[in-house]
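Hi,

Here is the model I promised to pass on. Please have a look at it, and my notes follow below.

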Amino acid sequence: MKRRPRRTVPATLTALVLLAACVLTAVVAIQLIAGQSPLISHRSVIDSLHSSHWNDTAVLGAGVAAVLLGLLLLLASLLPGKPTVLPLTGEVDAGVTRRSLRHALRSTAAGVDGVTRARVRLGRRTIVARIRTDRTNTTGLTDAVRGALDRRLDDIGPSNRPASRIRLRAPRNAP
């Protein structure tokens, strides 16, 4: 049940560009039908295209831009993004969203005695917990946070268990 993110940004940008081109074409067509002078003269566009050559800088630049945009859209559609729903172990097809997993792990790390603030970042294979404490003696705090996170991961039960890394930030006079 790995749900991948939708490619909404590239799809929206492509749709907006195509919509703008269609609206411009429709406006020019309606102006021609109504007998008004068009917003963009089709004769001037045809003349400028007819007078340009394949080795002109503008034609080459437009071609390179079109190829790069096409490759960028192709890569956006083919490369997988981070899954939005992570599968859980068990017989039932169930999953947990990345956001709710991050929130649960952050609240677990913040609940450990001695932790004043916790931030959790979920990677593909690792969980990085950045914790802050006001204690000057931080002996055993990272192990306590790692143990709490491991117990919480055991409760949630993701099918691919990520490794956890703890980064501790303490006052400067800590040993």
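Let me start with the β-α-β unit: β4, helix α5 (residues 141-156) and β5 together form one, and it is right-handed. Right-handed here means that, with the strands pointing away from the viewer, the path from the first strand over the helix to the second runs clockwise. Helices (H or I, at least four residues) and strands (E, at least two) are DSSP runs, numbered from the N terminus.

A word on the basis: this is a predicted model, in which local features need pLDDT of at least 70, side-chain atom pairs count only at pLDDT 80 or more, and totals for chains, interfaces and linings use all residues. Residues are numbered from 1 along each chain as its sequence is written, and side-chain values use heavy atoms, with hydrogens and water left out.

Now the sheet. It is open, has three strands in the order β3-β4-β5, and its pairing is mixed; two strands pair if DSSP finds at least two bridges between them. β3 and β5 are the edge strands, each pairing on one side only. From one strand to the next, the twist averages 20°.

The antiparallel part is β3 (residues 115-122) with β4 (residues 126-133), joined by seven bridges. These two strands form a hairpin with three residues between them. Within it, A118 has I131 as its bridge partner, and R121 stands opposite V128. The parallel part is β4 with β5 (residues 163-169), again with seven bridges; there, R130 is partnered by R167 of β5.

α4 touches β3 and β4, and its direction makes about 155° with that of β3. α5 touches β3, β4 and β5, at about 145° to the direction of β5. Axes are lines fitted to C-alpha atoms, for helices over the stretch in contact, and angles run from 0 to 180 degrees between N-to-C directions.

How do the helices α4 and α5 pack, and at what angle? Helix α4 (residues 98-110) meets α5 at about 140°, with the axes 9 Å apart. The pair is therefore oblique (under 35 degrees counts as roughly parallel, over 145 as roughly antiparallel, 65 to 115 as roughly perpendicular and the rest as oblique). L101, A104, L105, T108 and A109 of α4 make the contact with V145, A148, L149, R152, L153 and I156 of α5, where contact means heavy atoms within 4.5 Å.

Best wishes
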